[in-house]
Amino acid sequence: MNAEEKDLQINPVVPENVVHNTKTITDIRSLTSSIFGIAAGILGLESYSGFIFYLLGSFIVSVMMVVFIAGGKPQNYFRSASEIWTTEVFSGSSLSSFILTWTLFFGLLRA
């Protein structure tokens, strides 16, 4: 048994796979946050209700990713189990995509 095989038995999470899984989460969050922004704009949500809508939607998407993508065991696919819940919720392009599409569709329908 060589050193690489021994390392994989000790730490079965492969860094390249973790990077791929994180990118997948980022792509899912970007797409769904734009969809949530469109929905919030069409519904005419304003201020806190729009952000609560985003947080609720992000929570539902996180639950679906844990159940359907990670099979209920996100620790097998990420460095920590909390990554699937927190990655790209408030940072990166997801929140800005939500706000951009939210204000766009709100403005288009209310103008």
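Which backbone oxygen does the side chain of threonine 103 reach, and at what distance? In this predicted model, that side chain gets to the backbone oxygen of isoleucine 99, at 2.9 Å.

**The big picture**

- The chain has five helices and zero strands.
- If you walk along the sequence, you'll read the pattern α-α-α-α-α.
- Of the 111 residues in the chain, 30% are buried.
- Take the contacts between residues at least 6 apart in sequence: 76% of them join residues at least 24 apart.

**How α2 meets α5**

- Two packed helices are described by the angle between their axes and the distance between the axes.
- For α2 and α5, the axes come within 7 Å and cross at roughly 25°.
- Angles under 35 degrees count as roughly parallel, and α2 and α5 are therefore roughly parallel to each other.
- The crossing of α2 past α5 is right-handed.
- On the α2 side, the residues in this contact include Arg29, Ser30, Ser33, Phe36 and Leu43, while the α5 side includes Ser94, Phe98, Trp102, Phe105 and Arg110.
- Sorted by class, the residues of this α2 and α5 contact come out as ten nonpolar, nine polar and two charged.

**How α3 meets α5**

- Helix α3 covers residues 47–69 and helix α5 covers residues 93–110.
- Their axes come within 11 Å and cross at roughly 130°.
- That angle makes α3 and α5 oblique to each other.
- α3 goes past α5 in a right-handed crossing.
- From α3, the contact uses Ser47, Gly50, Phe51, Phe53 and Tyr54, and from α5 it uses Ser94, Leu95, Phe98, Ile99 and Trp102.
- Seven of the residues in the α3 and α5 contact are nonpolar, three are polar and none is charged.

**How α2 meets α3**

- The axes of α2 and α3 come within 10 Å, and they cross at roughly 145°.
- This crossing is right-handed.
- Among the α2 residues taking part are Ile25, Ile28, Thr32, Phe36 and Leu43, and among their α3 partners are Phe53, Tyr54, Gly57, Val61 and Ile69.
- The contact of α2 with α3 counts eleven nonpolar residues, five polar ones and one charged one.

**Residues to find in α5**

- Serine 94 belongs to helix α5.
- Is serine 94 buried or exposed? Its relative accessible area is 0%, so serine 94 is buried.
- Leaving out residues up to four places away in sequence, serine 94 touches Arg29, Ser30, Ser33, Tyr54 and Glu88.
- Serine 94 also shows up in both contacts above: with α2 and with α3.
- Threonine 103, the residue we opened with, has a relative accessible area of 47%, so it is partly exposed.
- Threonine 103 and glycine 44 are 59 residues apart in sequence, yet their C-alpha atoms are 9.6 Å apart in space.

- Threonine 32 lies in helix α2, which runs over residues 15–43.
- With a relative accessibility of 17%, threonine 32 counts as buried, because buried means under 20%.
- Its side chain reaches the backbone oxygen of arginine 29 at 3.3 Å.
- Threonine 32 is also one of the α2 residues that meet α3.

**Residues to find in α3**

- Serine 47 is in helix α3, and its phi is near 55°, a positive value in a residue other than glycine.
- Serine 47 is partly exposed, with a relative accessible area of 47%.
- You'll also find Ser47 in the contact of α3 with α5.
- Isoleucine 69 is another residue of helix α3, and at 48% relative accessibility it counts as partly exposed.
- Not counting residues up to four places away in sequence, isoleucine 69 touches Ile28 and Met64.

Key: Residues numbered from 1 in each chain as written. Predicted model: local features only at pLDDT ≥ 70, side-chain atom pairs only at ≥ 80, totals over all residues. Heavy atoms only, no water. Axes fitted to C-alpha atoms, helices over the stretch in contact; angles between N-to-C directions. Helix = DSSP H or I, 4+ residues; strand = E, 2+ residues; numbered from the N terminus. Parallel < 35°, antiparallel > 145°, perpendicular 65-115°, else oblique. Left-handed = near helix turned anticlockwise from the far one by under 90°. Contact = heavy atoms within 4.5 Å. Nonpolar A, V, L, I, M, F, W, Y, C, P; charged D, E, K, R; others polar. Buried < 20%, exposed > 50% of the residue type's maximum accessible area, 1.4 Å probe, protein only. Polar contact = N/O pair within 3.5 Å; in protein donor to acceptor, adjacent residues only side chain to side chain.
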